[in-house]
Amino acid sequence: MTKARRYISEGLGTALLLAVVVGSGIMAERLAGGNLAIALLANALATGAGLIALILMFGSISGAHFNPVVSLSEAWQKNMPVSEVLPYICMQVCGAFIGVAVAHLMFDLPLFFASQHVRTGMPQWWSEFIATFGLIAIIISCSRSRPAVTPFAVAAYITAAYWFTASTSFANPAVTLARAASNTFAGIRPVDAPGFIIAQLLGAAAATVLFDWLYPKPDKQIQSPANSSPT
């Protein structure tokens, strides 16, 4: 698979993901009649469904990262060349902003407008650490034990994390930056984005270290006593 195809897949996939996240948030808020629980449920279900489709669509081309911390984790595990991390991240960030613009155009809103949605403080940052930790943990564990279920496990986790985290689970620096340019249901104030991104990076690092050890690659697995050669 050529690099160009991988990079375009990451950009396009991330753009479609943000169109789903932001677009469904706008629609949910408009139709929920002020009921935030219904709006969040609709936003979460749409995001989970979209994730399954997008991972299945682009997974065989680029790995369907759509997320800088996933790319960094994959490079850390030596699953992708370090030289491709920066292009992946650039395409993810660019794609994320394009996706926000696409969603805004569908709902007759300005292409970009800074969010006023306050998301800050230790509970929010801790939520992002946990959300991102869980995401990377699921990717590593499932991809090394049951690869076929990974898209469904990731989508199920993100859908659940919308509800069990105080931050509604961004778990993605590219998504965080792009949602700062959307003053809609899914938005985050630009000033709050750095705290989220730091927490996401820390959560991803912790999960990569722990789950790379819990689920060693075949060439790292310790030989069982039954298969050991006699000394």
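How many of the residues of α3 are buried? I started there and found that 7 of its 9 residues are, so α3 is mostly covered. A reminder to myself: this is a predicted model.

**Confidence**

I looked up the pLDDT before going on. The protein averages 94, and 94% of the residues score at least 70. Residues 221-231 are another matter, with pLDDT below 50. Beyond near neighbours in sequence, I get 3 contacts for that stretch in the model. Where pLDDT is low, the predicted coordinates should not be read in detail, and I left it at that.

**Helix α3**

Back to α3, residues 68-76. I listed its buried residues: Pro68, Val69, Val70, Ser71, Ser73, Glu74 and Ala75. What do they pack against? I noted α4, α5 (122-145), α7 (173-179) and α8 (193-214).

Then I checked the ends. Asn67 caps the N-terminal end of α3, with a side-chain oxygen 3.0 Å from the backbone nitrogen of Val69. After α3 comes Lys78, and its phi is positive, near 65°.

**Glu84**

Next I moved along to the loop between α3 and α4 (85-106), where Glu84 lies. Is Glu84 buried or exposed? Glu84 counts as buried because its relative accessibility is 5%, and the cut-off for buried is under 20%.

I wanted to know what this side chain meets. Leaving out residues up to four places away in sequence, Glu84 touches Lys3, Arg6 and Tyr7. With Arg6 there is a polar contact between the side chains, at 2.5 Å.

**α1 against α4**

Arg6 turned up again when I looked at how α1 (residues 3-31) and α4 pack. Their axes are 6 Å apart and the angle is about 35°. The crossing is right-handed. By class, I have 15 nonpolar, 7 polar and 2 charged residues in this contact.

Which residues meet here? On the α1 side I wrote down several, including Arg6, Tyr7, Glu10, Gly11, Leu18 and Ile26. On the α4 side, the list includes Pro87, Tyr88, Met91, Gly95, Gly99 and His104.

**Val149**

Last stop: the loop between α5 and α6 (150-164), which holds Val149. Val149 counts as partly exposed because its relative accessibility is 34%. I also checked Val149 against Gly25, 124 residues apart along the chain. Their C-alpha atoms are separated by 27 Å.

Key:
Residues are numbered from 1 along each chain as its sequence is written. This is a predicted model: local features need pLDDT of at least 70, side-chain atom pairs count only at pLDDT 80 or more; totals for chains, interfaces and linings use all residues. Side-chain values use heavy atoms; hydrogens and water are left out. Helices (H or I, at least four residues) and strands (E, at least two) are DSSP runs, numbered from the N terminus. Buried means under 20% relative accessible area, exposed over 50%, partly exposed in between (1.4 Å probe, protein chains only). A polar contact is a pair of N or O atoms within 3.5 Å; within protein, one must be able to donate a hydrogen and the other to accept it, and residues adjacent in sequence count only if both atoms are side-chain atoms. Contact means heavy atoms within 4.5 Å. Axes are lines fitted to C-alpha atoms, for helices over the stretch in contact, and angles run from 0 to 180 degrees between N-to-C directions. A crossing is left-handed if the near helix is turned anticlockwise from the far one by less than a right angle, and right-handed if clockwise. Ala, Val, Leu, Ile, Met, Phe, Trp, Tyr, Cys and Pro count as nonpolar, Asp, Glu, Lys and Arg as charged, and the others, Gly among them, as polar. pLDDT is the predictor's confidence in each residue, from 0 to 100.
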